Amino acid sequence: MLMDIIKARHSIRKYTDEQISREDLETILEAGNFAPNAGGGQRSMMVAIRNKALATKVGKMNMAGFDRSHLIGSFVSKEQPSTIDDPSIKNGFYDAPTVVCVFCQDNFMFKTADAFCMMENMILQATELGIASCMISRGYETFASEEGQRLMQAWGVPEGYACQGFVILGYIDGQEPHSKPRKPGRVKVIE
């Protein structure tokens, strides 16, 4: 049942080295490809990195200009520490063996919404397949360098596109984290 998958999904930031299968990756990408998108324009694209060394390189690019002084909040998780919790983390993809980069037309008003719909579909599909995942931001910053621009060109990302975010994929190293209790007052129904 979909609600069970939604409730089972957790943001995972500790991964084993085990690579996910190509078949599972393609299923996850298909879920992203069928995500809702503004006006049905399909103005987004995904580039999957199923190469641990390249994923690590791009993950380090993701953290290269990370400025901790602009963070709001100072704690995410003891079980699954984030870059906010642990300044020693140098790979923004937490050593996940597979990463999906989501690129969108940079001048399109609904680019962020389109990208996050794709990413949500992918992490829910990954959860159903028993694959750990997490959404990662700082897409613009990751590819702002000359090296980032070279990678985008080599991957066939069209001119005028920018990275909106990432989905990291792999298998959890350790135990599944506990769900945080839902904060009261976040849901209102007006009739």
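1. Is Asn-62 buried or exposed? Asn-62 is buried, because its relative accessible area is 1%. Buried means under 20% relative accessible area, exposed over 50%, and partly exposed in between (1.4 Å probe, protein chains only).

2. A word on the model. It is predicted: local features need pLDDT of at least 70, side-chain atom pairs count only at pLDDT 80 or more, and totals for chains, interfaces and linings use all residues. Residues are numbered from 1 along each chain as its sequence is written, and side-chain values use heavy atoms, with hydrogens and water left out.

3. Asn-62 sits in helix α3, residues 52–64. Helices here are DSSP runs of H or I, at least four residues, numbered from the N terminus.

4. The side chain of Asn-62 makes a polar contact of 2.5 Å with that of Arg-138. Another, of 2.9 Å, joins the side chains of Asn-62 and Thr-142. A polar contact is a pair of N or O atoms within 3.5 Å; within protein, one must be able to donate a hydrogen and the other to accept it, and residues adjacent in sequence count only if both atoms are side-chain atoms.

5. Now the rings. Rings of Phe, Tyr and Trp (its six-membered ring) pair if their centres lie within 6.5 Å; planes under 30 degrees apart are stacked, over 60 edge-to-face, the rest tilted. There are five aromatic pairs by this rule. Phe-108 and Phe-110 are edge-to-face, because their centres are 5.8 Å apart and their planes at 70°.

6. Phe-108 is buried at 17% relative accessible area. Phe-110, at 41%, is partly exposed.

7. Ring pairs also link Phe-93, Phe-103, Phe-143, Trp-155 and Phe-166 into a cluster.

How values were computed: Helices (H or I, at least four residues) and strands (E, at least two) are DSSP runs, numbered from the N terminus.
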